[in-house]
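Got your viewer open and ready? Load the model below and we'll walk through it one selection at a time.

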Amino acid sequence: MEVVKIINDDLNTLFEIKTDDGYTIESVHYRKTLCVSSQVGCSIKCSFCASGLNGLIRNLSFDEIINQYLMIKDKGYEIESIAFAGIGEPLLNWENVKQAFDYFKSQGLSVSFYTTGFPISNFKQLLALNHDGVNLSLHSVFEEKRKSLIPNSHTISQLIQVFKDHLQQLSNRKKKLYNIAYILIYGENDSYEEIDKLGEIAKELGIGVSLLKYNEIEFFPYKSVPDDRYEELFLRLREKGIRVTLSNKYRTRKIGGCGTLMVNRLELHKLNFTIF
């Protein structure tokens with residue numbers, strides 16, 4: 001396993017990492033956080049995300065997960081936090097991810113997760129870990145719409161019930177570790193009706209919303225909401241008393257932004273695809 005290419009912009013550093021069997025995966029360093037991948041590809045196949053373009057090829061081993069950290073740290077990058085938010089659904093490689101989580105915590109690192117909550121048995125185990133943050137990727141509050149955006153997951157009601165059962169045991173301070181992640185896609189999930197329902201769910205659970213801007217990708221027809229619409233919907237949730245965080249500048253970059261990571265990017269580049 002080796003780093004074969006490093007791509008920088010003024011904020012993020014994207015690492016192309018080649019596995020011993022010839023695939024390339026990606027990790028992203030920003031500030032003092034490293035976003036790591038857990039799989040080669042992804043079987044969830046979110047319709048707006050580049051990571052699942054070719055489905056799931058295989059899981060990454062425990063060594064392959066932690067080596068992303070070790071190799072990048074050895075190159076002099078300061079790392080204090082790990083985010084399981086790269087390529088793959090961490091819950092679908094749960095035993096290796098759990099082992100890697102324990103390793104990262106033993107190194108004094110904070111560890112957070114982005115997940116679709118699938119499979120739900122592992123979602124329950126994740127919630128019980130001594131983690132530093134869990135973001136449940138919802139992206140729609142309506143079952144049929146979410147199914148079109150996230151084809152392979154559980155129903156919204158199932159996920160919310162698991163969240164509710166866990167959160168009712170926690171103090172308000174502990175609940176701050178949990179958020180609903182919601183990527184705004186123009187004309188798909190940005191109606192007032194959806195945003196108001198999202199606010200109701202977050203308020204019922206007593207948790208916040210990570211309201212994310214969509215990073216446009218040439219493979220997909222989806223568009224990002226205009227900046228004024230983004231601000232309007234943010235304020236609409238805030239007025240309902242919801243704790244809302246917006247996409248930081250690191251998450252909206254063509255290099256390393258949410259939903260832009262992919263397997264074998266360099267091979268696509270050879271075929272003259274525009275990949276940034």
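Here is a tour that starts with the strands and moves on to charged side chains. Keep in mind that this is a predicted model.

**Stop 1: the sheet**

Switch to cartoon view and pick out the strands. You're looking at an open sheet of 10 strands with mixed pairing. Follow them across in the order β1-β2-β3-β4-β7-β8-β9-β10-β11-β12. Which strands sit at the edges? Select 2–8 for β1 and 244–246 for β12: each of these edge strands pairs on one side only.

**Stop 2: a parallel pair**

Next, select residues 134–137 (β9) and 178–184 (β10). These two strands run parallel, and four bridges join them. In general, strands of a sheet pair through backbone hydrogen bonds, either parallel or antiparallel.

**Stop 3: a helix across the strands**

Colour residues 227–239, which make up helix α8. Which strands does it lie across? The helix lies across β10, β11 (208–213) and β12, and runs at about 175° to β11.

**Stop 4**

R236 meets D196 in a salt bridge, 2.8 Å from N to O. Because R236 belongs to helix α8 and D196 to helix α7 (residues 192–205), this pair ties together parts that are 40 residues apart in sequence. R236 is partly exposed, at 26% relative accessibility.

Now find E232 and R229, whose side chains meet in another salt bridge at 3.2 Å, N to O. They are three residues apart in helix α8, so about one helical turn separates them.

**Stop 5**

Finally, select K32 and E78, which form a salt bridge of 3.5 Å, N to O. K32 is in the loop between β3 (24–30) and β4 (33–36), and E78 is in the loop between α1 (62–74) and β7 (81–84), so the pair links parts 46 residues apart in sequence. K32 is partly exposed at 35% relative accessible area, and E78 is partly exposed too, at 45%.

Notes: Residues numbered from 1 in each chain as written. Predicted model: local features only at pLDDT ≥ 70, side-chain atom pairs only at ≥ 80, totals over all residues. Heavy atoms only, no water. Pairing = 2+ DSSP bridges. Contact = heavy atoms within 4.5 Å. Axes fitted to C-alpha atoms, helices over the stretch in contact; angles between N-to-C directions. Salt bridge = Lys/Arg side-chain N within 4 Å of Asp/Glu carboxyl O. Buried < 20%, exposed > 50% of the residue type's maximum accessible area, 1.4 Å probe, protein only.
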